[in-house]
Amino acid sequence: MNDTERSRKQKSSRNDEAGTSVTEASVEERSWSEEYSDSRMLVPSSLELGAGAVDKYVISKQIARMQEPRRLTTDDMDERRIIYPESPNRDLINHFRNLRTKLLEKSGGNNFTLVVTGACEGAGSSFIALNLAAAFAFDQAKTAVVIDCNLREPALHSTLDIIPDAGLTDFLDDPDYEIGRILYPTGIPRLRLIPAGSRRETPSEFFTSFRMKQFLQAVRRRYPDRFIILDTAPVSQSPDARILTELCDYAMLVVPHGKLTAAGIENAAQAFSSEKYVGAVLNG
């Protein structure tokens, strides 16, 4: 082994120990538009697949081509309390599968954007948001992205052992920023993370911007079968969840077991319109 190869190997080992900062843009050598065009070239005709089946074929090709530069082991996921299909904790898996089923019934099977927020500090919204996203990614025909919108105390990148170079606020700050630069593979198949970003002050200014609205629309269109989960600061401490719900399809409240009265839960739920509020999840 020469000095160059030895240096490269040592650098790779250090990166594995410290986490990963690989983005979807660096993994996928071609742009979204190129992927879409190439997939179209391989698509059978509608006469072969039937009416409406061509787009589904394209989507399945795109999902199959999503690359995973690393994979979390089952021990990694158990340690981080992340569900996976073979997990021995069947009760936890079934809990999130039931949540997924109810949301799909609510949306008529369509993809959607969902705000997940705590009714108070320490409710565990990040745990619920990440595992709900993982439950959607169980399905090989679906993908999910979880977005860390808790700019004050972002935690998802640490849970997933990711060292982000950039994130949501960097994208919102720069009109020339590409979404692929902030989409990070999580080590879980078909699940991506968008971290909070380097700027974390005045989150309400970011979330009320027109670019935030464009951003959510663009992420949703990137894969039509992608489900988008937004983890936010507690609704009791910040207006962020309410602001983001105006841009999203649904909102879900996370309630810590035994910490709030019924009146406190009802008061927190009043932050959302009845049309978008899908209910509360008891955590603990």
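The legends below describe close-up views of a predicted model. Local features need pLDDT of at least 70 and side-chain atom pairs count only at pLDDT 80 or more, whereas totals for chains, interfaces and linings use all residues. Residues are numbered from 1 along each chain as its sequence is written, and side-chain values use heavy atoms, with hydrogens and water left out.

**View 1. The open sheet of seven strands.** The strand order is β3-β4-β2-β5-β1-β6-β7, with mixed pairing, where strands are DSSP runs (E, at least two residues) numbered from the N terminus and two of them pair if DSSP finds at least two bridges between them. Because β3 (184–185) and β7 (277–283) each have a single partner strand, they stand at the edges, and one side of each is left without a neighbour in the sheet. Strand β6 (residues 250–256) pairs with β7 in the parallel sense over six bridges, and A251 stands opposite Y277 of β7.

**View 2. The largest nonpolar core.** Among the 40 residues of this core, L114 and L132 touch the most other members; a core joins buried (under 20% relative accessible area, 1.4 Å probe, protein chains only) Ala, Val, Leu, Ile, Met, Phe, Trp, Tyr and Cys residues through side-chain atoms within 4.5 Å. Helix α8 (125–137) supplies the largest share, 10 residues, helices being DSSP runs (H or I, at least four residues).

**View 3. The packing of α7 against α8.** The two helices pack at an angle of about 75 degrees, with their axes 9 Å apart, the axes being lines fitted to C-alpha atoms over the stretch in contact and the angles running from 0 to 180 degrees between N-to-C directions. Helix α7 is therefore roughly perpendicular to α8 (65 to 115 degrees).

Note on methods. Buried < 20%, exposed > 50% of the residue type's maximum accessible area, 1.4 Å probe, protein only. Parallel < 35°, antiparallel > 145°, perpendicular 65-115°, else oblique.
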